[in-house]
Amino acid sequence: MDLTLSETQAMVQQTARDFATRVIAPKAHEIDEEERFPFEILKGLAELGLMAVNVPESLGGSGAGVVSYALAMQEVAHACASTAVTMAVSNMVGEVIAHFGTDAQKNVHCRKLANGDYVAGSFALSEPEAGSDPGGMRTTARQEGDAWVLDGAKQWITSGAHAGVMVVWARTGGLELKGTRGISCFLVEGGAKGLKIGRAEDKMGLRGSNTVPLELDGCRGELLGQLNGGFKIAMMALDGGRIGISSQAIGIARAALEESVRYAKERKAFGKPIGEFQAMQWKLADMKTQLDAAHLLAMRAASLKEAGKNFSSEASMSKLFASEMAVRVCNDAVQIHGGYGYMREFPAERHLRDARVTTIYEGTSEVQRIVIARSTLG
């Protein structure tokens, strides 16, 4: 198996790494402390083609492929996980519109996501009573002439207060239909009449990422894809999104490992650097091994998607392992730092807070295990 990156993949990785090191990393602590949405950084990512990495060039995207996207996500998350999740959701929204949109929808929204006219995109599937179970959705959409009118509520919407366009799911088959039947997908522009943005959530981590509830009260939207075909769109989008979140988790864990190695070389105890103690070496060895295993799982899932092959189970395995690995590695990083790891001036505690949610969004670890088990049982 040849794991050598193509010229395009290596270029995208290096471009993301250079920008993340030079621009994003120096501001990461400030973004977290001030809970500041990084408008100027996102604009810079768009200028580099990183807000629509797998969107075709004909629609303004980079057209660089899924592997390139996963590599870029790792680099941005290594610098700032809050920025990375905004980038991840925007890329996912662009891909969904590029795949399912009309020519008019694609030419407007994909281009604006790619060039930064839209600072971000949002993915509005979850509701207060429908997270892991989209079949519990209560938001409805009714047709009035040529328009669709949406009513309901959405919860935990990334970039919801700033998105230029949102992909929103609603019931079009009536609330009497149970489960995932009768769900359709819509495009709602930011600032649309009837779209109300709730108070930003006060989160444990990813504090520079905007997360809000939405209220849809007679809000107009455009149908995306086929009527009553929304559940299929959601599942396809989430499969791809899981590659992005596994890559985010890998980036966070890599940052935590690098901080731990640096600290282990500098911190002395009992007359020598703590990195010379076997107990510390074994902990670092385990962290590195888990990190590399997660990276390989992510690359496999990304390669399968890029080749047009079935990748759903592999994406779930990647997301499950990478997210739980990131929590373990970041927890060990805090332990290696000792008391300093609990202090806000050291990045270790931020990495642990940021990593924790990766086991929850884009499908919890429990949901990933269900997907993997079903695939295994056939």
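Reader: Let's start with helix 4 (residues 81–100) and helix 5 (residues 103–115): at what angle do their axes cross?

Author: A quick word on the idea first. You describe two packed helices by the angle between their axes and the distance between the axes. In this predicted model, the axes of helix 4 and helix 5 cross at roughly 160 degrees and come within 9 Å. Helix 4 and helix 5 are therefore roughly antiparallel to each other, since the cut-off for that label is an angle over 145 degrees.

Reader: And is the crossing of helix 4 and helix 5 left-handed or right-handed?

Author: Left-handed for helix 4 and helix 5.

Reader: Which residues of helix 4 and helix 5 meet?

Author: On the helix 4 side you'll find Ser90, Val93, Gly94, Ile97 and Ala98, and they meet Gln105, Lys106, His109, Cys110 and Leu113 of helix 5. Sorted by class, this contact of helix 4 with helix 5 comes out as five nonpolar residues, four polar and one charged.

Reader: OK, next pair. How do helix 3 (residues 66–79) and helix 6 pack?

Author: Helix 3 and helix 6 pack at about 40 degrees, and their axes lie 7 Å apart. That makes helix 3 oblique to helix 6. Helix 3 passes helix 6 in a right-handed crossing.

Reader: Which residues of helix 3 and helix 6 make the contact?

Author: From helix 3, look for Val66, Tyr69, Ala70, Met73, Gln74, Glu75, Ala77 and His78. From helix 6, the partners are Ile243, Gly244, Ser247, Gln248, Ile250, Gly251, Ile252, Arg254, Ala255 and Glu258. By class, the contact of helix 3 with helix 6 has nine nonpolar, six polar and three charged residues.

Reader: What about helix 8 (residues 312–337) and helix 10: at what angle do they pack?

Author: About 145 degrees, with the axes of helix 8 and helix 10 9 Å apart. The crossing of helix 8 and helix 10 is left-handed. Helix 8 contributes Ser312, Ser313, Ser316, Met317, Lys319, Leu320, Ser323 and Glu324 to the contact, while helix 10 brings Ser365, Gln368, Arg369, Val371, Ile372 and Ser375.

Reader: Which elements supply at least two residues each to the lining of the largest pocket?

Author: Helix 4, strand 3 (147–158), helix 6, helix 9 (347–356) and helix 10 (365–377). Helix 6 gives the largest share, six residues.

Reader: How many nonpolar, polar and charged residues does the lining of the largest pocket have?

Author: The count for the largest pocket is 20 nonpolar, 11 polar and eight charged.

Key
Residues numbered from 1 in each chain as written. Predicted model: local features only at pLDDT ≥ 70, side-chain atom pairs only at ≥ 80, totals over all residues. Heavy atoms only, no water. Axes fitted to C-alpha atoms, helices over the stretch in contact; angles between N-to-C directions. Helix = DSSP H or I, 4+ residues; strand = E, 2+ residues; numbered from the N terminus. Parallel < 35°, antiparallel > 145°, perpendicular 65-115°, else oblique. Left-handed = near helix turned anticlockwise from the far one by under 90°. Contact = heavy atoms within 4.5 Å. Nonpolar A, V, L, I, M, F, W, Y, C, P; charged D, E, K, R; others polar.
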